[in-house]
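Here are my notes on this model. Please read them with the structure open.

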Amino acid sequence: MEATASVFVLVTMALALARAVRGPTVYDRIAAVNAFGTMTVLVLVLVGFLTDRPEFEDIALLYGLINFAGTIAVLKFVKYSSLAGPQEPRPAAPRAEGRR
Amino acid sequence: MEQVIDIVLLAFMVVVALAMIHLRNLFAVVMLSGIFSLLSAALFVVMDAVDVAFTEAAVGAGISTVLMLGTLALTAREESPRPRRHALLPLAVVTVTGAALIYGTLDMPHFGDPDAPIHQHVAPRYIVDSPREVGPPNMVTSVLASYRGYDTLGETTVIFTAGMGVMVLLGGLRSRRRKRRDPASPGSDTGETRP
């Protein structure tokens, strides 16, 4: 059963990879990377059960946390061009964010 | 089945690397480098190098992606097209170097070989004695935190000092620039660089 699940997860990883390469918008790629991180977590869990080392689950959970925080950081950067959040308006004209 | 998963993950890494070379959109390249780090971290976990995998996931997929995005916010988002040149000399250098590295691995012990010299020297002592002497079930933690404790303390001090230096430099720069931007505000002519 784990083997079948692994096949499906690997196929999903390939699809997410294709979306990350093809784009075309920034948000396509961010969603693809996020989905790919989730799939990595699942692959780790499945490999842990396939090799009778279920303690991989803890590692996979931590990966999920890192993935979440990383996606938030990337989204903040795309929106505000900084990690601090919205800043005081700059004297120059604001750049068109999230275009590509 | 695990070998199939390993092979597919390695094939994904090849695909990601080729796509990173070909794409001109630098944001996509940064995203793909995050995927590349995730894949290599998963392979490290499969090879039982959990601590290396954590470092790769946190630094490679997390921090360096954010740093590259910060660089992108300051520069262009598209790579300018390069002039077409023949790359025969770099190709030859890369081929020769790769062949030399592969030749160097030929007489090395196989991955996970228990008879390898590195597993004959001090490792048996740690494996036998560290659960009784130190305690944690992960022997790498025992070595890092206890047997090599002073070394780890020194490393942590170096990293702490470096981070503090960077924060002092960047923080001082920002407050000075803000002073320069509005010279009419009170208190800006006292000559202080830091509040």
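1. UniProt, in an unreviewed entry, places the feature "transmembrane region" at residues 30–50 and 59–78 of chain A. Such positions follow the numbering used here, feature names are shortened, and annotations may be inferred rather than shown by experiment. The model is predicted: local features need pLDDT of at least 70, side-chain atom pairs count only at pLDDT 80 or more, and totals for chains, interfaces and linings use all residues. Residues are numbered from 1 along each chain as its sequence is written, chains are lettered from A and ligands numbered from 1 in the order written, and side-chain values use heavy atoms, without hydrogens and water.

2. Residues 30–50 of chain A are 100% helix and 0% strand, with end C-alpha atoms 30 Å apart. For residues 59–78 of chain A, the end C-alpha atoms lie 29 Å apart, and the span is again 100% helix and 0% strand. Helices (H or I, at least four residues) and strands (E, at least two) are DSSP runs, numbered from the N terminus.

3. Chain A has three helices and zero strands. Of its 100 residues, 37% are buried (under 20% relative accessible area, 1.4 Å probe, protein chains only).

4. In chain B, helix α1 (residues 2–22) packs on helix α2 (residues 26–46) at about 160°, axes 10 Å apart. Axes are lines fitted to C-alpha atoms over the stretch in contact, and angles run from 0 to 180 degrees between N-to-C directions. α1(B) is therefore roughly antiparallel to α2(B) (over 145 degrees).

5. The α1(B)–α2(B) contact (heavy atoms within 4.5 Å) includes Leu9(B) and Phe12(B) of α1(B) and Leu32(B) and Phe36(B) of α2(B).

Notes
Angles under 35 degrees count as roughly parallel, over 145 as roughly antiparallel, 65 to 115 as roughly perpendicular and the rest as oblique. Buried means under 20% relative accessible area, exposed over 50%, partly exposed in between (1.4 Å probe, protein chains only).
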